[in-house]
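Okay, thanks for coming, everyone. Let me put the model up and we'll walk through a sheet and a pair of helices.

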Amino acid sequence: MVIKIKLKPFHLFKHQGCRCVINIEEMHAYTVDETTSEMLEEFKAESGAALPSGIVDQLNELGLIANDEEKPGNEVKKETVPLSNISLFLTQSCNLNCIYCYGNGGEYGGGGSLEEKTAYQAVDWLIEQSGKQKKIHVGFFGGEPFLEFTMMQKVAKYAQKRAKEVNKKVGFSITTNATLLDDEKIAFLEEYDVSALISFDGPREIQDAQRPFVNGKGPNGNGSYDVIMPKIKKLLKKRPKTHGHAVITGQTDPQLVKNALQEIGFAEVSVSPASKSLFDEKSEDTSSDRDFNIILKLMEQEADKWLQYTKKRDSQFLKKLMSNSQLYPALIGFLHNTKRRFPCGAGLGMAGVSCVGDVYLCHRFVGMEEYKMGNVFNDDLNREKYQRSPVTYVEECNNCFARYYCAGGCKHDNASSCGSGFKPSPDMCRLKCREAELAAYIACLLTDEDCAFLAEHEIVPNKPCPLDFG
């Protein structure tokens, strides 16, 4: 007996001999046998072929049978998100000359430094924009923000004062190359509990080649590695949870870089491929030189490690793996069945603010007129086009099985690769799709006991209760 049915959108793939199916709309992943896999392939190829009743029963258990009233992919209507997080540019200049800098040497097309009037207005504007949100966030950015340390101190003090006056809390972060770190600056980070992200590219030969000083050499003729390393070590003694981030260019081995950052002592490590600068049309297109084959191979190895060491119940290894994982966010998505409709908070809850108070989609777009949304001296904020989810209106995303994980990708990487923030980069699509498949593969093979172990050791958080509105 065969039955004609309607299935929810699904994606079939095979890895390590395991046949998996992703229920796209529900962010569920399951293993299926060979017969079911072949039937689903036929169903997909013939756009709705009839299936044997036994297979239908199995698919019903997996939640793949669609009801007539279900309309996959509809956009969830939400109120406009209050803007409560800014990357505030203290300066648009830098003392390093990184070969891949998307900010035009840290100048972002304009250069300059933040004036006190603009700095305080940015804080007041953020408080007003945040509406009923009880917490605001100021990220110190540049160029190299520690070039304007006095202004940083003033902003932090003023933001704390103003937040207290309106019964809000304020958090701080900084992205820095660490060249100017000293005892006074580390004490400031501790006093205001500033979360720091250190941009550092790993081994000496890579760091020095990719992140030279503006004049070639630093103090005493040293490269940036030897200048910065002692400063990082001093910071980590006081702030052991500091995050290290590296940029990958060419055929650099990401695992080599991750290992170097972990050996330095960073508790959390991340890497990302370089993106082309939007300021110089003649600049080298580093995105076209990105060798994702190395990253893809490492991700497959990581997937095996997640399963191997979970089965071994080795929580210590898994916590180390989690701290530099490429697959962890996607894995959480499938374990918690989480649907993302936006890749980040750019244009939603966060924005970048230039030295003159111009407001941009995010820190990466500062100086790019096309992505300017307003100014802190003006109440008007033009961000309507960023309120729509790429999942629903970008064709490539709407038809992609990884749409609720990737959610359209980084708009800056899109723009540097394809000329528009709303057109996804093909090479990043390839990477994100494989991340989703490998994470789904892991989720398929984790038992309830495995998940309980991961939760018990705080490697994977417990799935949120749908009735928890806290």
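So, start with strand 9 and strand 10: they run parallel, joined by three bridges. Ile198 stands opposite Gly244 in strand 10. Before I go on, the housekeeping: this is a predicted model, where local features need pLDDT of at least 70, side-chain atom pairs count only at pLDDT 80 or more, and totals for chains, interfaces and linings use all residues. Residues are numbered from 1 along each chain as its sequence is written, and side-chain values use heavy atoms, with hydrogens and water left out.

When I say helix or strand, I mean DSSP runs numbered from the N terminus (helices are H or I with at least four residues, strands are E with at least two). And two strands pair if DSSP finds at least two bridges between them.

Strand 10, residues 243–248, runs parallel to strand 11 with six bridges, and Ile248 has Pro273 in strand 11 as its bridge partner.

What order do the strands of the whole open sheet take? There are nine, running 11-10-9-8-7-6-12-13-14, with mixed pairing. Strand 11 (268–273) and strand 14 (372–375) are the edges, each pairing on one side only. Neighbouring strands are turned by 25 degrees against each other on average, ignoring direction.

Right, helices. Strand 8, helix 5 and strand 9 form a right-handed β-α-β unit, meaning that with the strands pointing away from you, the path from the first strand over the helix to the second runs clockwise.

Helix 4 lies across strand 6 (85–89), strand 7 (135–141) and strand 8 (169–176), at about 160 degrees to strand 8. Angles here run from 0 to 180 degrees between N-to-C directions, and axes are lines fitted to C-alpha atoms, for helices over the stretch in contact.

How do helix 4 and helix 5 pack? Helix 4 (149–165) and helix 5 (183–191) make an angle of about 20 degrees, with axes 12 Å apart. They're therefore roughly parallel, a label for angles under 35 degrees.

Who touches whom? Phe149, Met152, Gln153 and Ala156 in helix 4 meet Glu184, Lys185 and Phe188 in helix 5, with contact meaning heavy atoms within 4.5 Å.

Terms used. Angles under 35 degrees count as roughly parallel, over 145 as roughly antiparallel, 65 to 115 as roughly perpendicular and the rest as oblique.
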